[in-house]
Amino acid sequence: MLDLALLAAAAGHAAGAAEHGAAHVEPVAFGLTPPMWVALSMATLIGIAIYLGVPKMLTGMLDKSIGEIRKQLDEAKALRAEAEALRKEYADKIANAEKDAAEMLDHARHEADAIVAKASADAKLTISRREKMAQDKIAAAERGAVDELRATAAEAAAAAAARLIADNHGAKADKVLVDDAIGSI
């Protein structure tokens with residue numbers, strides 16, 4: 001409360017002095033004005049900081065941070081170089097894989113063409129063999145039919161001859177044939 005009273009008195013005093021046209025008096029302690037006290041405190045603070053080695057500690061921390069950052073940058077460079085090497089390696093592998101795939105596709109096409117050509121040749125050979133077998137069967141069937149027809153014709157001719165002989169040759173005709181055969185001897 002005392003502070004409030006002093007503030008109020010100082011405010012009243014300042015207002016009264018302004019009314020009377022008096023000059024404002026700046027407070028002084030031990031011969032130093034407030035800005036001088038601020039300068040003295042700052043110089044003392046800086047002196048204590050220097051005495052305790054704060055700048056060395058700050059520069060040490062900064063150097064340590066700089067060292068860590070450099071280390072991280074070096075690691076990042078190494079990782080980047082490794083990543084570039086891996087990227088190049090995989091790009092080469094992809095190129096080789098594409099080349100191998102193209103070669104495999106070309107080889108597969110050649111094999112497919114060879115298989116188709118062999119299958120075509122085999123089919124032609126099989127067809128020609130089957131045609132030959134069919135022709136042989138037809139020829140055998142024709143020969144069998146001709147042989148059967150000859151046998152049937154021979155049987156028919158023998159039966160017809162037997163009937164003719166039986167019908168046309170009797171004892172009289174046989175006697176004439178026998179007499180002719182004996183006479184020719």
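Modeller: Helices (H or I, at least four residues) and strands (E, at least two) are DSSP runs, numbered from the N terminus. This is a predicted model, where local features need pLDDT of at least 70, side-chain atom pairs count only at pLDDT 80 or more, and totals for chains, interfaces and linings use all residues. Residues are numbered from 1 along each chain as its sequence is written, and side-chain values use heavy atoms, with hydrogens and water left out.

Colleague: How many helices and strands does the protein have?

Modeller: Four helices and zero strands. From the N terminus on, the order is α-α-α-α.

Colleague: What makes Arg87 and Glu84 a salt bridge?

Modeller: A salt bridge needs a side-chain nitrogen of Lys or Arg within 4 Å of a carboxyl oxygen of Asp or Glu. Here N to O is 3.4 Å. That is within 4 Å, so the pair counts. By this rule the protein has five salt bridges.

Colleague: Where do Arg87 and Glu84 lie?

Modeller: Both lie in helix α3, residues 54-168. They are three residues apart, about one turn of the helix.

Colleague: Why is Arg87 called exposed?

Modeller: Relative accessible area sets the class: buried is under 20%, exposed is over 50%, and partly exposed is in between (1.4 Å probe, protein chains only). Arg87 has 53% relative accessibility, so Arg87 counts as exposed.

Colleague: And why is Glu84 called partly exposed?

Modeller: Glu84 has 37% relative accessibility.

Colleague: Are Asp92 and Lys88 buried, partly exposed or exposed, and why?

Modeller: Asp92 has a relative accessible area of 38%, so Asp92 is partly exposed. Lys88 has 52% relative accessibility, so Lys88 counts as exposed.

Colleague: What makes Asp136 and Lys132 a salt bridge?

Modeller: The closest N and O atoms are 3.5 Å apart. That is within the limit, so this pair counts too. Asp136 and Lys132 also sit four residues apart in helix α3, about one helical turn. Asp136 is partly exposed because its relative accessible area is 40%.

Colleague: What share of the residues in the protein is buried?

Modeller: Buried residues make up 2% of the 185 residues.
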